[in-house]
Amino acid sequence: MEKRYSGCVTQGQSLPRLWLLSDARNDAVLEDRLRRLPRGSGFVYRHYHLPDHERWRRYNTLKRLARAQDHWVILADSALTACEWGADGIYGAPRALYPRRKDMIQIAAAHDMAEIAQANRFGTDFVMISPVFATNSHPGAISLGPSRFRALAAKAKMPVIALGGMNAKSAKHLNWPRWAAIDGLS
């Protein structure tokens with residue numbers, strides 16, 4: 001990577017292979033999981049379920065722990081909030097990441113070709129494509145499966161992170177270098 005970002009991510013640091021996303025379901029185990037992740041992994045803080053003040057307080061606790069492990073810290077919120085909170089970048093729908101900011105990492109969430117095209121057009125740094133497999137986050141939703149996931153990933157002009165029903169076993173089955181999980185790492 002040839003960019004320098006605002007937080008702990010520095011020039012030359014490579015994209016993490018493993019990403020943990022926060023959620024109400026895994027909140028109780030996040031501290032332990034952040035310690036157990038390989039150094040330099042990625043952490044996307046969502047916690048949409050908390051009121052603003054509690055969300056900020058919980059973020060700061062987890063950010064300190066993540067930084068101690070050299071993890072990337074990405075906030076699912078606006079670029080302004082990410083700057084104020086000291087995150088390395090932002091995560092969200094491609095249209096929510098526009099206009100492009102060069103001072104922070106931007107990770108787009110994509111579920112179909114239209115969102116991949118938006119991420120490409122807006123020049124996001126990375127894209128998380130989901131749901132690859134059945135997931136507790138969206139019970140009953142139709143998953144992409146390996147073939148459709150790979151077809152979408154082939155259209156992305158940036159590195160792709162697999163999300164949705166991912167765990168060590170499904171990651172091995174998918175044979176994809178970068179993956180993210182909520183329950184699968186909790």
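Here is a short tour of this structure, stop by stop.

Before you click, know that this is a predicted model, where local features need pLDDT of at least 70, side-chain atom pairs count only at pLDDT 80 or more, and totals for chains, interfaces and linings use all residues. Residues are numbered from 1 along each chain as its sequence is written, and side-chain values use heavy atoms, with hydrogens and water left out.

**Stop 1: strand S1.** Select residues 18–21, which form S1 (helices, H or I, of at least four residues and strands, E, of at least two are DSSP runs, numbered from the N terminus). In a regular strand the side chains alternate between the two faces of the sheet. Here Leu18 and Leu20 sit on one side and Trp19 and Leu21 on the other, and all are buried (under 20% relative accessible area; exposed is over 50%, partly exposed in between, with a 1.4 Å probe and protein chains only).

**Stop 2: two cis peptide bonds.** Most residues other than glycine have a negative phi, and most peptide bonds are trans. Select Tyr98 and Pro99: the bond joining them is cis, with omega about 5°. Pro99 is in the loop between S4 (89–92) and S5 (105–110). Then hop to Ser130 and Pro131, another cis bond, omega near -10°. Pro131 belongs to the loop between S6 (126–129) and H5 (145–155).

**Stop 3: positive phi.** Pick Asp70, in the loop between H2 (52–68) and S3 (72–75). Its phi is near 60°, a positive value in a residue other than glycine. Asp70 counts as partly exposed because its relative accessibility is 39%. Asn175 isn't a glycine either, yet its phi is about 55°. With a relative accessible area of 60%, Asn175 is exposed.

**Stop 4: Ser170.** Find Ser170 in H6 (residues 168–174). At 10% relative accessibility, Ser170 is buried. Its side chain reaches the backbone nitrogen of Asn167 at 2.8 Å.

Definitions and conventions: A polar contact is a pair of N or O atoms within 3.5 Å; within protein, one must be able to donate a hydrogen and the other to accept it, and residues adjacent in sequence count only if both atoms are side-chain atoms.
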